[in-house]
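I opened the model and kept notes as I went. The entries are in the order in which I looked things up.

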Amino acid sequence: MHRTRIKLEAVAFTLPSLLLTLALGIYPIFWAIRYMFYEYAGYGTPKFVGLYNFERLYHDERFWNAVTNTLVYAGGKLLVTLPLSLLLAVLLNRRMRGAGLFKTIFFMPTVLSASVMSIVFYVIFNSYNGMINQLLQQLGWSRGVEWLGANYAMLTMILIAIWGAVGNYMLLFLAGLQGIPRDIYESASIDGARPVQQFFYITIPMLGPVLQMVMLLAITVSLKGYESIMVLTQGGPFGKTDVMFLYVYKMFFPVASTTAEVQQFGYGSAVGFAAALLIGAVTLIYFYASKKLNSLY
Amino acid sequence: MNRWSKRPSGANVLAGAFLVLVAVVILYPVLMAVLGSFKTNAELSGGGSFWPAHWQFANYSKAWKGANFARFSWNSLFVSVAATAGTLIVAAMAAYAADRRDFPGKRLAIAIQASTMFISIGAVVLKPQFDLMVAVGLHRTLWGVVLILIAGHAGTYFMLASFMRSIPRDLDEAAMIDGSGFFRTFRSIILPLLKPGLGVAGLFVFRSAWNEYILPSVFTMTNPKLQTLTVGLANLRYGVSAAMQTDLMLAGACISLLPLLLVYLLANKSFVQVTAGSVKG
């Protein structure tokens, strides 16, 4: 009798969590799985179209453009962020004055809103009277750079993404570094190993598991990100910064400044599902590749 | 005393210079936002000096009263406080039940929580979520946004569960033997001991709720009165007025950034520890 009551109470304690998660976390996924086989503009009855949405997706140049952009955006961000944050972590892991202050500064962007900072970056990178171009003009470069123009918008978005992410990964690496015993370094330097050798022969192998986990996290997070692009360029100019999940967003909530578009819930669901699958595939490839690398060490 | 001062070698000077350079790049946009928020619009677009010629405190009152940032701030505060409180309560209750009791379906409940952290289909979910809020009549209030934020409590749930595991079971078992019920044990034994965990988790939930942009922007598209700081600010970028009001934008940005910066400076140890702890797992 007493036991069942306690069980009931435990279930009651779980219910708010479970119901909210089922209704607002799980149900929407099944909703998407259903509607990706439909054509549905938000009014009238949804029309069942079978696999048509996926056929359309296959021929949809804007989608593949978004896929390419996503890979460039995520790849460019990671290529700089990961080595840079590892370098910062290694530098800050030594006993030095001011390490705490540097850590506080580097991690700060992680606390700030990406959308709000995007507005600030708009003021900074804006081509006509942005702060950077004003600075360039004062230095005598009168034309400045079209930071948000077709040629440089993606680069600018990558720079902003790096700005926001470096401190976070620095901290994760730092935690991993602190797990490496200091006497290994000491005996290595007695044996004459230079700092660069110590980095490649001690730090990297000893950091292995943390490095792999952080990279897995970094890859999935950067493939999914679209908030600052949405605020800054809305995917433009000419789709140059359109990434997968922004494309999905625009199917559901057409943005004002782009040409009049209708809501496409069915096709949008299919695109969202495909994007999730692609991210899953990239993650799996990484997972197996890093396992292979593991056996090499 | 430390290696830095003992051997100011070339490599150390280089490393120090590099760290300072990165710090300057990281601080630059935030500094420009704060300084710019005190400049006139003409100064901002005309390439004025580093410091404001005259500190324009009026920018803030203009944003606060004229551009509705008082309203936005209140909405942001409401959403963040309600979401934080709700998330902590819901996640703590579920974590308590999962960590301290066995009940049918427990493994499934945990698996469901974990799965929500890995599956992501982007903005697709906003449509069924919105429809659900229409069905229960919450789409015209910020409660809809709050509920959706609370629903995303998986991270907090696992964080609190790991804090809970470090509270000795003997304590609540002793309380139970003394006649304290399941709920009373939770309220008077577990919750007080969980305070540090709740504080840290709350910090993280508050940060993401305060910074949330896409969800409230979708929910308040047709209802400007409910917009939060992030949404109201982003609308200045694509707003109807053609003239760019940079002074207003930066003052608005600072109204949104400064509270969190303050919290961060006061509690950066907690932020830093939990982020680092997540890899040590």
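My notes on chains A and B follow.

I am working with a predicted model, where local features need pLDDT of at least 70, side-chain atom pairs count only at pLDDT 80 or more, and totals for chains, interfaces and linings use all residues. Residues are numbered from 1 along each chain as its sequence is written, chains are lettered from A and ligands numbered from 1 in the order in which they are written, and side-chain values use heavy atoms, without hydrogens and water.

Residues 71-92 of chain A are 100% helix and 0% strand, with end C-alpha atoms 31 Å apart. Residues 198-223 of chain A are also 100% helix and 0% strand, and their end C-alpha atoms lie 33 Å apart. Helices are DSSP runs (H or I, at least four residues), as are strands (E, at least two).

**Chain B, domains.** I found domain 1 (3-58) and domain 2 (69-239). These bounds come from an automatic or database assignment. Their centres, over C-alpha atoms, are 37 Å apart.

**B:Leu31.** I placed B:Leu31 in helix α2 (residues 10-36) of chain B. B:Leu31 is partly exposed at 44% relative accessible area (buried is under 20%, exposed over 50%, partly exposed in between; 1.4 Å probe, protein chains only).

**B:Asn223.** I located B:Asn223 in the loop between α12 (214-219) and α13 (229-237) of chain B. B:Asn223 is partly exposed, at 22%. B:Arg140 is 83 residues from B:Asn223 in sequence, but 7.6 Å away in space, C-alpha to C-alpha.
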